[in-house]
Amino acid sequence: MNLPKRRYMAASIAVTVMLAASCIQEEAPNPEADILALVFPKNSLRTGEVEIYNDYVVTYPRVNVNLRDSAITQLEVSPGATWERISNPQATDTLFYIKVTSESRQYAKLYAVTQVESFPETFGFETWVRHTAGFLYENPKEGTLQWYSSNNGAAIAWSSPGKPAEEYPVRKARLNGSSAVELRTMIGPGSIAGGAVFIPCMAGSVYLGGFNALTGLTNPLRSIFFGVPFDSGKPTRLTGYALFREGTEDYILPDGTRDRTKHDRCDIYAVLFKAGEGQAQFLYGDNIGHSPQIIARAQIREEELVTGQPVFFELHFDYAFPTPFSWEELQNQQYKLTIVCASSSRGQFYEGRPGNTLIVDDLNLYYEISDH
């Protein structure tokens, strides 16, 4: 599944070391068929690099830039592997495909090179897509921008390709008479990976960013990375509709013990942060609340949600952070933004109250536009 570019670079270093030893012992042909690096012409993207996952690539082209027919400046694949570019004549957000064939010629992988054209102002959760061919769960998508969810990690944890989409923590629902996203906290699978990982509870969440399947079980706080390029303006408000119901089961702690008296709450928030040259390009589960890169944050308050009743919420961005907002940095594509909705506020630590349910619909992002 999803495989970030930084991991590929580490793998490339490891492969280099292995090849250096080949003069001592001849190795079998490399079975890998991965894209390690993909570079487009300078100034064609809003971000300094593309995002490379297991079988697709995400690009953020600048306005009026056509990457569909653009030349590739650099494409690095697994040692010994070969690649070919395959055009996509259909008018979709998939620009073209890259087929990578392993050195042994026994393995091949088809990457879809996709593009995100712009950041939507409204998220209606009307469109849902299968995220991977091997599992039945779905994630919402708005235009060309893909939401990620805890379904990505749940698919790995349960390792159950036949599990229906409606049995995952994130699924399609209805609110205000239209399609919405439902997030539910569930009892986890318990011990997995031979007992090396313990997941007693699994919360439902959707967010803008990405997911690293390789660390999804061993380091969940680093497997989720938050943020997509944002240069539309200075965010001021995030509004939407939500319906929250607290679960009736005992609260489950990370060690699997239960607490009948502990209450659980959901969470909805947005974060604007700086991700310019020389800085981390994403925030993670272990620093999304306190990273020095944060510029502004908008977060729902517990009193704004009345259990069991649909409510309209309006979250205002707070800019009281050490990193100041700069119009110049915004226009130079140095900022990223994420929106996060979760059925349990501490779900990333595998804790929460099973049965917690949060339904969200019609998110709207408001922002100021520079007058110069």
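## Some ground rules

A residue is called buried at under 20% relative accessible area, exposed at over 50%, and partly exposed in between (1.4 Å probe, protein chains only). With 71% relative accessibility, Arg260 counts as exposed.

What you're looking at is a predicted model, where local features need pLDDT of at least 70 and side-chain atom pairs count only at pLDDT 80 or more, while totals for chains, interfaces and linings use all residues. Residues are numbered from 1 along each chain as its sequence is written, and side-chain values use heavy atoms, with hydrogens and water left out.

Helices (H or I, at least four residues) and strands (E, at least two) are DSSP runs, numbered from the N terminus. Two strands pair if DSSP finds at least two bridges between them.

Three strands make up an open sheet here, in the order 18-19-25, and the pairing is antiparallel. Strand 18 (209–211) and strand 25 (283–284) are at the edges with a single partner strand each, so one side of each has no neighbour in the sheet. Strand 19 (residues 224–226) pairs with strand 25 over two bridges, in the antiparallel sense.

## Charged pairs

Now for the side chains. Those of opposite charge can pair when their charged atoms come close. To count as a salt bridge, a side-chain nitrogen of Lys or Arg has to be within 4 Å of a carboxyl oxygen of Asp or Glu. Searching the whole structure turns up 13 salt bridges.

One of them joins Asp250 and Arg260, at 3.8 Å from N to O. Asp250 sits in the loop between strand 21 (234–245) and strand 22 (251–252), and Arg260 in the loop between strand 23 (258–259) and strand 24 (267–274), so this pair ties together parts that are ten residues apart in sequence. Asp250 counts as partly exposed, at 24% relative accessibility.

## More bridges to find

Asp267 and Arg265 also meet through their side chains, in a salt bridge of 3.6 Å, N to O. Asp267 is buried, with a relative accessible area of 8%, whereas Arg265 is partly exposed, at 23%.

Then there's the salt bridge between Arg346 and Glu351, at 3.1 Å from N to O. Arg346 is partly exposed, with a relative accessible area of 37%, and Glu351 is buried, at 5%.
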